[in-house]
Amino acid sequence: MAALHYFAFGSNLNGARLRERAPSARALGAARLAGFRLCLDKLASDGSGKLNLARDAAASVWGVAFRIDPAELAALDGFEPGYTQISVSVRLRDVVPLEARTYLSEQRAPGLRPQPWYRELILAGAREHGLPAEWIERLERL
């Protein structure tokens, strides 16, 4: 089966972390997902917040598109409890359209805060892949 594309917007932005979960993962570059906004409303088992997506026609989310072996998708699902895999269309380097998979949770709890290690993992991944400075500033305010 051919490789598939995965859009990371949270801790899986960090290439080393994603490769621990899906060893075949190879970054294709910064990508933008239109029609969604970034939220910190997925309740983690420790009571902290995890990043999530919400449909919003006026918003967009920056992340990274990766190529991964489809055989590793089930293992990746196991690291994303409470999320559902969805198909989305992203723009690689804000130009090239690409069909990809990502995760969204309907389990929402407003007012959550991230663990410091989780926030740093996201920021390291965003910097690693050269996401726009304005987006990194937004992530720093999590």
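Student: What do the numbering and values rest on?

Tutor: Residues are numbered from 1 along each chain as its sequence is written. In this predicted model, local features need pLDDT of at least 70 and side-chain atom pairs pLDDT 80 or more, while totals for chains, interfaces and linings use all residues; side-chain values use heavy atoms, without hydrogens and water.

Student: Is T102 buried or exposed?

Tutor: Buried means under 20% relative accessible area, exposed over 50%, partly exposed in between, with a 1.4 Å probe and protein chains only. T102 is buried, at 0%.

Student: Which strand holds T102, and what stands opposite T102?

Tutor: Strands are DSSP runs of E, at least two residues, and helices are runs of H or I, at least four, numbered from the N terminus. T102 belongs to strand 5 (residues 96-104), and I86 is opposite T102. Two strands pair if DSSP finds at least two bridges; strand 4 (residues 84-92) and strand 5 are antiparallel, with 9 bridges. The two form a hairpin with 3 residues between them, and R93 in the turn has a positive phi of about 55°.

Student: Which residues have the most contacts inside the largest nonpolar core?

Tutor: Nonpolar side chains tend to be buried together in soluble globular proteins. A nonpolar core is a set of buried Ala, Val, Leu, Ile, Met, Phe, Trp, Tyr and Cys residues joined through side-chain atoms within 4.5 Å. Here the largest has 43 residues, and I68 and L131 have the most contacts inside it. Strand 3 gives the most to this core, 8 residues.
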